[in-house]
Amino acid sequence: MNTITIACLTLPFFIGFVIYLLPKFDKYLALAITVVSAGYALQLLLGDSPLTLNLLDNFGVKLVADRLSGYFILTNAIVTAAVILYCWHSGKTAFFYAQAIVLHGSINAPFVCADFISLYVALEVSGIAAFLLIAYPRTDRSIWVALRYLFISNTAMLFYLVGAVLVYQTHHSFAFDGLKGAPPEALALIFLGLLIKGGVFVSGLWLPLTHSESETPVSALLSGIVVKASILPLLRCAFIADEINTIVRIFGVATALMGVSYAIFEKDTKRMLAFSTIAQLGFILAAPEVGGFYALSHGLVKSHLFLVAGSLPSRNFKELEQKGIDPKIWILLVIGSLSISGFPLLVGYSSKVLTLKSLAPWQAIAMNIAAVGTAIAFSKFIFLPRREKQEVKPGFWPAVILLSSGLIIASVAYFQTYTIDNIIKSLAIIGIGWLIYALIIKKLVITLPRILEQFDHLIGVMTLSLIVLFWMALS
């Protein structure tokens, strides 16, 4: 099993370079890697005990592959496979597929890292690969968005690295366990880096512009899986000590409420999906015990929705309400919107039920409000009018069929959640959200300011976040 783990981690990087030598097989090689990753993830999910692999004993550098890793790796495999299928007939060069697979491998690595230094290396590589994919169109706009992302990412990792050094200075080990008993500034710096990279709370306000202005398949990758490379380490840290668990849960609640507040009033489809990503990351952090399954649920539905939204005739909700959309596209939007809202028979239902039942008492009211807010935000897709058919890209249907199938098949993973009480509560949350949208939100004309998303203000937000984290660590 040790050999299989090392092979699954290194193979994507090897194949990424092989694609340059065999460009005619770029799509086939890339797709094959996702199948390998999916098989490895299923092995982790079905296995009984976690795998621990010590790389440098004296420095606490080790890998841990367990069920939590399995959920995230499976998400990465399915989302990447869907993106490759979507781009199959798009004329993308071997460079695109090579970078997609390098990104795939560099995202898998953080899911098994159990120390701060190897996690740092993996996150840096994933940041560079994501930068190259964002800049792939080579337009002035795409290059600016990519450079903006790269600067934010590198700044975040600089904070993180200083925190990791402080942990090592205290315990002479880079292991995650060293966070317990480390100086408060170490926790503050490490968490700031991970919160920024993951797009959590106000530190994640770089995310809407980056995800909405990237190409559709890249947006699906970014929202579906890339941001989660920093989320899983936060979940692992939450299991170290109750105090750290509380900090993670607090940020989960705050992130969920902030994300849905923006998403409800957003007029742009891709920006609404991006703000929804922030909100759903909050749900993952609010209940670390079931965060892996919620990450799988969100990764499938968000990549599905981004690919479908990329085929709409307009990004403006007002224009879509006037023009209408293709009935088939509308059905796909409804499937994704119902899943993320927690509708039974879709994976979003089970993940949301498990999350809401795993909350601490002080979280319950806020997270239920966030659940209603999610239903309100996605009512904007569900109540769009239909019109005549429209053309879609050749690779569109294989990609969305794969993701839609995942939304349905994964819903049976926790069949015990299908009780009368849970179903009634889920339907009530969705029904309340739809009523609020129809009676209130749809009639409001509110535009939220974007000043905090501006480049110079993002740096100030980092400073404020660091102060808050340092105060929480001291407390």
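**Entry 1: salt bridges**

I began with the charged pairs and found that the structure holds eleven salt bridges (a side-chain nitrogen of Lys or Arg within 4 Å of a carboxyl oxygen of Asp or Glu). This is a predicted model, so local features need pLDDT of at least 70 and side-chain atom pairs count only at pLDDT 80 or more, while totals for chains, interfaces and linings use all residues. I also noted that residues are numbered from 1 along each chain as its sequence is written, and that side-chain values use heavy atoms, with hydrogens and water left out.

I looked up Glu266 and Arg271, which form a salt bridge with the closest N and O atoms 3.3 Å apart. Glu266 is buried at 9% relative accessibility, and Arg271 is buried at 5% (buried means under 20% relative accessible area, exposed over 50%, partly exposed in between, with a 1.4 Å probe and protein chains only).

Asp26 and Lys27 came next, with 3.8 Å between their closest N and O atoms. Asp26 has a relative accessible area of 5% and is buried; Lys27, at 18%, counts as buried too.

Then I turned to Glu213 and Arg315, whose side chains meet in a salt bridge at 3.7 Å, N to O. Glu213 sits in helix H8 and Arg315 in the loop between H13 and H14, so this pair ties together parts that are 102 residues apart in sequence (helices, H or I, of at least four residues, and strands, E, of at least two, are DSSP runs numbered from the N terminus). Glu213 is partly exposed at 29% relative accessibility, and Arg315 is partly exposed at 28%. Shared partners join Arg141, Glu213, Asp268 and Arg315 into one salt-bridge network.

**Entry 2: helix H9**

Which residues of H9 are buried? I listed Thr216, Pro217, Val218, Ser219, Ala220, Leu221, Leu222, Ser223 and Gly224. That is nine of the nine residues of the helix (216-224), so H9 is largely enclosed by the rest of the structure. Its buried residues pack against helices H3 (67-86), H4 (94-108), H5 (116-134), H8 (207-213), H12 (269-286) and H13 (291-309).

What does Phe191 touch, leaving aside its neighbours within four places in sequence? I found it in contact with Leu179, Leu234, Cys237, Ile244, Ile247, Val248 and Leu469 (contact means heavy atoms within 4.5 Å).

Thr374 lies in helix H17 (residues 364-382) and is buried, at 2% relative accessibility. With neighbours within four places in sequence left aside, Thr374 is in contact with Val260, Gln280, Phe283, Ile340, Ser341 and Lys352.

**Entry 3: pocket and cavities**

I took the largest pocket next, with about 320 Å³ of space. For the terms, I used a 1 Å grid over the protein atoms alone: a cavity is a set of points where a 1.4 Å probe fits but cannot get out, a pocket is an open set with protein on both sides within 12 Å along at least five of seven lines, and lining residues have an atom within 4 Å of a point. Grid points are joined across faces, edges and corners, and a volume is the space filled by probe spheres set on the points.

The pocket is lined by 19 residues, and Leu74, Ile78, Gly406, Ile409 and Ala410 lie nearest its centre. Its lining has 16 nonpolar, three polar and no charged residues (Ala, Val, Leu, Ile, Met, Phe, Trp, Tyr, Cys and Pro count as nonpolar, Asp, Glu, Lys and Arg as charged, and the others, Gly among them, as polar).

I counted six cavities of 30 Å³ or more. The largest cavity holds about 150 Å³, and of its 13 lining residues, Lys267, Lys318, Lys380, Ile441 and Leu444 are the closest to its centre. Its lining divides into seven nonpolar, no polar and six charged residues. H14 gives the most to this lining, three residues.

**Entry 4: positive phi**

His172 has a positive phi of about 55° although it is not a glycine, and His172 lies in the loop between H6 (140-171) and H7 (184-198). Phe201, in the loop between H7 and H8, has a positive phi near 55°. Most residues other than glycine have a negative phi. His172 is exposed at 54% relative accessibility, whereas Phe201 is partly exposed at 26%.
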